[in-house]
Amino acid sequence: MFQRSRRKLILPFIAPQFILYVIFIFLPLAATIFYGFTDWQGHGRPWHWAGFLNYRIMWHDINFHKAAKNAAFLMVVGGIIVFIPGIFLAWTLQQSIRFHRFFQFVILSPLVIAASVAGLMWKWMYNPTQGLINPSLKSLGLDSLARPWLGDPKFALTAIIIASVWHGIGTWVLLISAGIDQIPSDLPDAARIDGSSDWQVFWHITLPLLWEVLRILLVLWIIQALQAFTFIFVMTGPYGVGGPLGSTEVMGTYVYKMSFTDFKWGYGAGLATSMLVGILILSILVNRVTFRESIEY
Amino acid sequence: MAADSARMYNDRNVSRKHGRIKPGTTKFTALYIFLGLYAAFSITIFVWVALMSMKTNTDVLLYPPWHLPTTWQWDNYVKAWNNGVATMFKNSLIVTGIGTFFSVTISCLAAYPIARIKFRLSQPLLIFFLLGIMIPYMLTAIPLYMKIEDIRQQYEIDSRLILVVLYTVSGFSFNTYVMTGFYKTLPYEMEEAAALDGASPFRTFWQIMLPLVRPGIASLAILNFVSLWNEFFYALLFTQDKDKYTVTLGLVYLDQQAIYSGKWVGLFASMTITMIPVLLIFAVLQRQIVRGLTVGAIKG
């Protein structure tokens, strides 16, 4: 009866979010999937149902393959550069070291600078002549390492990944720290009393207990990485999106190019839908693969 | 109680969670070296940008990057500020602030019944809202763009209004996830006790439940704010008027200008202007922010 009176709240509390969500997320989502099956080519042009035409084109589209490969590269390499240092940094911050707040500031502060500002900073740093990196290398005598970073098809994407990780690693470090915090401290202490070294404590106690949190973060990372757009757009410019020889074209930028530069709405919608499918499949896969029986302790 | 121990956790003076590395060992110094290098690197970047911002354009071309400016061009800043950085800041603040406010508020409301009241649709609704996390923003962009452009043919709409709405909605999925987590940590007896005392359901929510999750809401708001401040894609799509550019968008525009005109220093000055206030605010509030975020994450 008390429950029933509380039911009065349900509708008015949920309604605003529900309505807005349906209008601005759910309906456009359905529309995009629908457009993916048409051959819409621009404003005002008539469009027709085209079945799987877009998907067949995609299958043969080398640019799409390149974009997908780059997106995968970003996801894997970026993931490694984020999670390994991230875990290490999070663990380090847990130790009692001096200047704790300072190091925390250094790790977290890039996040509060707008993403495009961070991207631009790095872009200019990578500038072959006036930037920071090449002249510094030259002055250290490491001339041979200097190269036009963002203009070199082999390095451009990695260069962008580094910039993006520098910017974003703060959130991941925080989340991993929160995960580490959840582990009761008597376990590592007990192990330590029994004589385990720090590495053993980390590898056999901290890491397994952190695993559940890491699984979730991994899925979040996949979702984020496959949508990467801002840094790539900012650093390999609006007019050269795709970078040298398309080496920095990723799924996100490719959808943008197809939809908003070339106005191939139907195809763009199809691409976006395949992005979603890719994300779903990968998320489920990663979830399955990383499944471990819950640890009793 | 939980808040107290959480506070203790976060006070690094008291924590010794996963052991200490003994000072004086090689591992210890290696740690410091690693952190130190990273810090030095980040600081160098900032210093370089600030330095560049005070040079003249010829300085940039003639001398290596760490060379001090020939004359310190403070008025690069004045020019940058007037050139539009001020407006960009204003726009970003408006759009991010209002968007965060509505997004968090609406989600707080919606998450409450789902988390605390048993009704048949509660689980499906939750899943419905959570699906949004997986949806890349490009997916919803195309139809939204179409519709909004059509409307814009007929009516003048401030692009910032569009961004506010889109930003609000984009936060729903994540916020709902976090808020349901928070609400579930509260004991059920509270609501029953309040009802016994004669409080209406709404009052129970407003005066009892809400204050209890307040730290969580604060950290959620911060997360939302930071992520919206950094947002780029929607701003790019929907803003056409230069006056309405947000910081993220406007800086890219300035960058294009700098490339084509060869005048770099203005860009660096603009970048420094956008960076300094936020870095200062963050430095001052760092302790509260981090504490709020980790306490929130623990509970969630």
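Axes here are lines fitted to C-alpha atoms, for helices over the stretch in contact, and angles run from 0 to 180 degrees between N-to-C directions. This is a predicted model, where local features need pLDDT of at least 70, side-chain atom pairs count only at pLDDT 80 or more, and totals for chains, interfaces and linings use all residues. Residues are numbered from 1 along each chain as its sequence is written, with chains lettered from A and ligands numbered from 1 in the order in which they are written.

**Exercise 1.** Work out how helix 11 and helix 12 of chain A lie against each other.

*Solution.* Start with the helices themselves: they are DSSP runs (H or I, at least four residues), numbered from the N terminus. In chain A, the axes of helix 11 (residues 251-261) and helix 12 (residues 265-289) come within 8 Å, crossing at roughly 160 degrees. So helix 11 of chain A is roughly antiparallel to helix 12 of chain A (the label goes to angles over 145 degrees).

Next, find who touches whom; contact means C-beta atoms, placed from the backbone, within 7 Å. On the helix 11 side of chain A, the residues include Y254(A) and M258(A), and on the helix 12 side they include L271(A) and M275(A).

**Exercise 2.** Describe where chain B meets chain A.

*Solution.* Count first: 76 residues of chain B are in contact with 78 of chain A. Then look for the top contributor to chain B's side: helix 14 (residues 265-299) of chain B gives the most, with 13 residues.

**Exercise 3.** Find the residue where helix 4 of chain B bends.

*Solution.* Helix 4 of chain B covers residues 75-116, 42 residues in total. Its bend, about 60 degrees, sits at W81(B) (the angle is between axes fitted to the seven residues ending there and the seven starting there).

Methods
Helix = DSSP H or I, 4+ residues; strand = E, 2+ residues; numbered from the N terminus. Expected span 1.5 Å × (residues − 1). Contact = placed C-beta atoms within 7 Å. Parallel < 35°, antiparallel > 145°, perpendicular 65-115°, else oblique.
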